[in-house]
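Hello,

Here is the structure I said I would pass on. Please look through it first, then read the notes below it.

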Amino acid sequence: MKEISPDVVISFSIDSAGRMRQALGKTKIKQILSVRSNPSVDYKSAEEIEKVIAQIKDYDGFVFQTDEQRDFFGKEIAAKSVVILNPMAEEFMGEITEVEKRKEVATFGRLTKSKDHTTLLKAYDFAAEKLKDFIFSIYGDGELRTEMEQIHKTLKHK
């Protein structure tokens, strides 16, 4: 970092933010943390939350995807933050064509604890009787794929 001397370094997780801080040392390079997960799932105890806030509070700025993420960390961090939503840009959508319509409940995302697909699977199973004409799909991959497949096998409505 000292050799290339960037103006700003952005970390996309709290874990890597710690490594970013070590790499930057006492340089004056701006440090930004972009929180990409759900902190209310990631941190359960007050002690965990306090530890994380103490670790990150001195960063120069923060980027959150939701107001809830920003507010989770308190006013001091919120004052140095911006919320940038995670929309789908039209330029990446391609041409919209007519397709056969179907009733589908779908989710797209990494299969990680913070995305909490387990609750979604159980909720769909609970509501499946009322959603008989619907199919349920999870699009994504990640560390919990095998666990999600095992949970799916235990559901009443597959």
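I will start with a loop. Asp58 sits between helix H3 (46–56) and strand S3 (61–64), in the loop that joins the two. Please keep in mind that this is a predicted model. Apart from neighbours within four places in sequence, the contacts of Asp58 are with Arg21 and Lys80. Lys101 is 43 residues from Asp58 in sequence, and the C-alpha atoms of the two are 50 Å apart in space.

That distance can be set beside the dimensions of the chain. The C-alpha atoms of the protein chain fill a box of roughly 60 × 45 × 30 Å along the principal axes. The radius of gyration of the chain is 20 Å, whereas a compact globule of 158 residues would have one near 15 Å. Of the 158 residues, 27% count as buried.

Next, the secondary structure. How many helices and strands does the protein chain have? There are 7 helices and 6 strands. Along the sequence they follow the pattern β-α-β-α-α-β-α-α-β-β-α-β-α. As for contacts in the chain with a separation of 6 or more, 54% of them are between residues 24 or more positions apart.

Is Thr107 buried or exposed? Its relative accessible area is 16%, and buried means under 20%, so Thr107 is buried. Setting aside neighbours within four places in sequence, Thr107 is in contact with His117, Leu120, Ser137, Ile138 and Tyr139.

His117 also takes part in a helix pair. Helix H6 (residues 117–127) packs with helix H7 (residues 145–154) at an angle of about 15°, and the axes of the two are 10 Å apart. Angles under 35 degrees count as roughly parallel, so H6 and H7 are roughly parallel to each other. Their crossing is right-handed. Which residues make the contact? From H6 they are His117, Thr118 and Leu121, and from H7 they are Glu147, Met148 and Ile151. Sorted by class, the contact of H6 with H7 has 3 nonpolar, 2 polar and 1 charged residues.

Regards

Methods: Residues numbered from 1 in each chain as written. Predicted model: local features only at pLDDT ≥ 70, side-chain atom pairs only at ≥ 80, totals over all residues. Heavy atoms only, no water. Axes fitted to C-alpha atoms, helices over the stretch in contact; angles between N-to-C directions. Helix = DSSP H or I, 4+ residues; strand = E, 2+ residues; numbered from the N terminus. Parallel < 35°, antiparallel > 145°, perpendicular 65-115°, else oblique. Left-handed = near helix turned anticlockwise from the far one by under 90°. Contact = heavy atoms within 4.5 Å. Nonpolar A, V, L, I, M, F, W, Y, C, P; charged D, E, K, R; others polar. Rg over C-alpha atoms; globule rule 2.2 N^0.38 Å. Buried < 20%, exposed > 50% of the residue type's maximum accessible area, 1.4 Å probe, protein only.
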